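Welcome! Please take a moment to look over the sequence and the 3D structure below, and then we will walk through a few of its parts together.

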Amino acid sequence: MNGTTRLYRPSDEDAVISVWRAASEIAHHFLTDAFFADEERRIREIYLLNAETWVFEQQAAIVGFVALVGDEVGGLFVHPKSQRLGIGTALMDLAVNRRGEIFLDVFK
């Protein structure tokens, strides 16, 4: 797995949303388009502004991210084409290194 992690920048917003949407549509295929549209708005207007978000880049493209809210993982997403390469593990390791003990709720 080649790549780097770095702190989110506002110019990353569309790429982060793209990763979130691609991963979410597969993992949560049962959710409606209206849900996704509303959640995207919340991510743009609330979550990205209030979370400490770290992105994982490969070849200058964002392929995953983790959003931390205090000691909780508010979101962890890896683009489906980049899954099973250790990126999610690297992002969780980063979260633990930054916070020590962390909490994660799983949406299923």
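Which helix and which strand do the buried residues of H2 pack against? They pack against helix H1 (13-27) and strand S2 (52-58). Keep in mind as you explore that this is a predicted model.

**Helix H2**
- Helix H2 covers residues 33-50, which makes 18 residues.
- From its first C-alpha to its last, H2 reaches 25 Å, close to the 26 Å expected at 1.5 Å a residue.
- Look for a kink of about 45 degrees in H2, centred on Ile43.
- Ile43 is also buried, along with Phe36, Glu39 and Leu48 of H2.

**Where H1 meets H2**
- The axes of H1 and H2 come within 11 Å and cross at roughly 145 degrees.
- This crossing of H1 and H2 is right-handed.
- Residues of H1 that make the contact include Val16, Ile17 and Trp20, while those of H2 include Phe36, Ile43 and Leu48.

**The sheet**
- Five strands form an open sheet with mixed pairing, in the order S1-S2-S3-S4-S5.
- Strand S1 (4-7) and strand S5 (103-104) stand at the edges with a single partner strand each, so one side of each has no neighbour in the sheet.
- S5 pairs with strand S4 (residues 72-78) in the parallel sense, over 2 bridges.
- In this pair, Glu72 stands opposite Phe103 in S5.
- Helix H3 (residues 87-99) packs on the sheet and touches S1, S2, strand S3 (61-69), S4 and S5.
- The direction of H3 makes about 145 degrees with that of S2.

Technical notes:
Residues numbered from 1 in each chain as written. Predicted model: local features only at pLDDT ≥ 70, side-chain atom pairs only at ≥ 80, totals over all residues. Heavy atoms only, no water. Helix = DSSP H or I, 4+ residues; strand = E, 2+ residues; numbered from the N terminus. Expected span 1.5 Å × (residues − 1). Bend = angle between axes of the 7 residues up to and from the residue. Buried < 20%, exposed > 50% of the residue type's maximum accessible area, 1.4 Å probe, protein only. Contact = heavy atoms within 4.5 Å. Pairing = 2+ DSSP bridges. Axes fitted to C-alpha atoms, helices over the stretch in contact; angles between N-to-C directions. Left-handed = near helix turned anticlockwise from the far one by under 90°.
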